[in-house]
There are 2 protein chains.
Amino acid sequence: MRCLVPVAVNSPKSRLAPVLSLNERQTFAHAMLADVLSTLTTAGYHPTVLATAPVDDDRIANHATVEVDDRPLSAALNAQLAGGKPTLVVMADLPLVKPQDITELAESDADVTIAPGLGGGTNALAIREPSFRVDYHGASYLDHCRAADNLGATVETVDSRRLATDIDEPADLAELLIHGDGAAHEWLTGAGFELDTTDGRVGISRR
Amino acid sequence: MRCLVPVAVNSPKSRLAPVLSLNERQTFAHAMLADVLSTLTTAGYHPTVLATAPVDDDRIANHATVEVDDRPLSAALNAQLAGGKPTLVVMADLPLVKPQDITELAESDADVTIAPGLGGGTNALAIREPSFRVDYHGASYLDHCRAADNLGATVETVDSRRLATDIDEPADLAELLIHGDGAAHEWLTGAGFELDTTDGRVGISRR
């Protein structure tokens with residue numbers, strides 16, 4: 001199964017701006033992407049990074065083919081899906097994902113298998129229906145379910161906390177500190193972030 | 001395996017106060033508990049509700065034994081665990097959980113199997129180590145891992161989005177609107193809540 005990882009190179013992780021500078025967000029986004037590519041490679045895939053601009057990072061070039069397409073996410077992916085080949089689409093901000101999560105997703109029998117993100121997004125897709133197209137606006141999980149239904153395709157929803165945890169906002173960093181063990185986790189702890197439970201709930205603080 | 005569901009009867013879901021009145025929170029908390037009990041029953045368990053005060057609701061009395069213990073959560077649970085019997089502990093605010101999630105948790109071979117909540121909490125436990133005790137303060141997931149390690153017990157972490165999604169805050173209601181199908185989902189939609197994607201991200205609004 002072909003495997004695509006879309007990446008917005010020039011506007012990385014803007015919702016982390018309250019806690020990370022632009023430079024830091026770029027480095028952190030690359031570390032998360034490196035984790036995802038390493039996971040996909042271990043699961044037996046050779047991923048293609050579908051990037052909005054060239055990516056200059058050995059950790060990425062060593063684990064993937066990089067293809068540049070500067071169109072918005074859905075348009076770039078749908079151009080790829082137009083070929084009709086079975087395709088795995090995995091977002092680049094899922095540093096908790098493990099190889100077995102990818103295998104479970106890819107081995108589903110459904111025509112379209114969806115790993116929802118928290119908040120109604122779509123974090124990963126295994127697409128076997130040649131006519132299926134993506135649309136990442138708003139509550140895309142429900143939209144993707146409906147789109148598959150409308151094609152008469154079978155749909156399955158994966159129940160994985162790790163696939164559901166995309167790292168978008170400062171609060172998400174706590175999940176990475178608690179459960180992570182790869183390059184992104186290492187970068188984050190090296191940058192001085194740690195769990196903060198002083199008010200009885202779990203947050204993050206920076207040394 | 002014995003199955004306990006702890007419930008704080010008199011202070012239900014205080015973090016939902018910005019969107020629900022005290023009366024509504026009580027009704028909603030009971031609906032979530034009814035969903036959890038129905039799931040546990042379908043999975044083959046006869047749950048005991050460990051309540052801080054008597055519970056007057058047929059949906060609950062019909063699916064569980066109710067035992068009253070007015071001590072704080074950890075103390076009440078540890079009094080039960082003192083008997084050393086293998087025990088499943090499932091929180092009452094997990095209306096997305098399905099019977100297969102409970103089966104997976106309970107059938108784990110580890111001495112202590114943990115289903116972490118988002119934010120570092122502990123949403124469910126399967127305890128086979130007689131000396132294990134709970135402590136729900138702060139980032140209890142990490143504390144429970146350490147406590148099991150300190151006893152020389154084997155630990156497994158369950159990867160389930162549904163078990164990870166405890167409904168604590170207004171933002172969590174979106175998860176229930178998107179993925180739910182039981183009594184709590186029905187109450188929430190009946191109370192006028194719906195998804196709101198007007199600002200491009202997924203929130204909730206009330207009619």
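**Entry 1: the two copies**

I began by superposing the chains, and chain B can be laid on chain A with an RMSD of 0.0 Å by a turn of 180° and a shift of 0.0 Å along the axis. The two copies are thus related as by a two-fold rotation axis. I then looked for the part of chain B at this axis, and the C-alpha nearest to it is that of R161(B), 1.9 Å away. I note here that I am reading a predicted model.

**Entry 2: where the chains meet**

Next I turned to the contact between the chains, which takes 21 residues from chain B and 20 residues from chain A. On the side of chain B that touches chain A, the elements giving two or more residues are α5, α6 (161-164) and α7 (170-179) of chain B. Sorted by class, that side of chain B has 9 nonpolar, 6 polar and 6 charged residues. I also compared the two sides: 95% of the interface residues of chain B are also interface residues in chain A, so the copies meet through the same surface.

**Entry 3: the sheet of chain B**

I followed the strands of chain B and found 7 of them in an open sheet with mixed pairing, in the order β3-β2-β1-β4-β6-β5-β7. The edges are held by β3 (65-68) and β7 (155-157) of chain B, each of which has a single partner strand, so one side of each is left without a neighbour in the sheet. Neighbouring strands of this sheet are turned by 20° against each other on average, direction ignored. Looking at one pair, I saw that β1 (residues 2-7) and β4 (residues 87-90) of chain B run parallel and are joined by 3 bridges; within β4(B), L88(B) is the bridge partner of C3(B).

Helix α3 (residues 73-81) of chain B packs on the sheet, where it touches β1, β2 (48-51), β4 and β6 (122-127) of chain B, and its direction makes about 160° with that of β1(B). Helix α5 (residues 140-150) of chain B lies across β5 (112-116), β6 and β7 of chain B, and runs at about 170° to β5(B).

**Entry 4: helix α3 in chain A**

I moved to chain A and asked which residues of helix α3 (residues 73-81) are buried. They are A76(A), L77(A) and L81(A), and they cover an arc of only 140° around the axis, which puts them on the same side of α3(A). An α-helix has 3.6 residues a turn, so residues three or four places apart point the same way. The buried residues of α3(A) pack against β1 (2-7), β2 (48-51), β4 (87-90) and β6 (122-127) of chain A.

**Entry 5: strand β6 in chain A**

I checked β6(A) residue by residue, and 6 of its 6 residues are buried, so β6(A) is largely enclosed by the rest of the structure. It runs antiparallel to β4(A), with 4 bridges between them, and L88(A) stands opposite A126(A). With β5 (residues 112-116) of chain A, β6(A) is also antiparallel, through 5 bridges, and here P116(A) stands opposite T122(A). These two strands, β5(A) and β6(A), form a hairpin with 5 residues between them, and G119(A) in the turn has a positive phi of about 90°.

**Entry 6: a residue in a loop**

Last I looked up A43(A), which sits in the loop between α1 (22-42) and β2 of chain A. Is A43(A) buried or exposed? With 21 other C-beta atoms within 10 Å, A43(A) is buried. Leaving aside its neighbours within four places in sequence, I find A43(A) in contact with P99(A), I102(A) and T103(A).

Key. Residues are numbered from 1 along each chain as its sequence is written. Chains are lettered from A and ligands numbered from 1 in the order in which they are written. This is a predicted model: local features need pLDDT of at least 70, side-chain atom pairs count only at pLDDT 80 or more; totals for chains, interfaces and linings use all residues. Two strands pair if DSSP finds at least two bridges between them. Axes are lines fitted to C-alpha atoms, for helices over the stretch in contact, and angles run from 0 to 180 degrees between N-to-C directions. Two residues are in contact if their C-beta atoms, placed from the backbone, lie within 7 Å. Copies are superposed by least squares on the C-alpha atoms of residues with pLDDT of at least 70 in both. A residue is buried if 20 or more other C-beta atoms lie within 10 Å of its own, exposed if 12 or fewer, and partly exposed in between; C-beta atoms are placed from the backbone. The arc is that of the directions from the helix axis to the C-beta atoms. Ala, Val, Leu, Ile, Met, Phe, Trp, Tyr, Cys and Pro count as nonpolar, Asp, Glu, Lys and Arg as charged, and the others, Gly among them, as polar.
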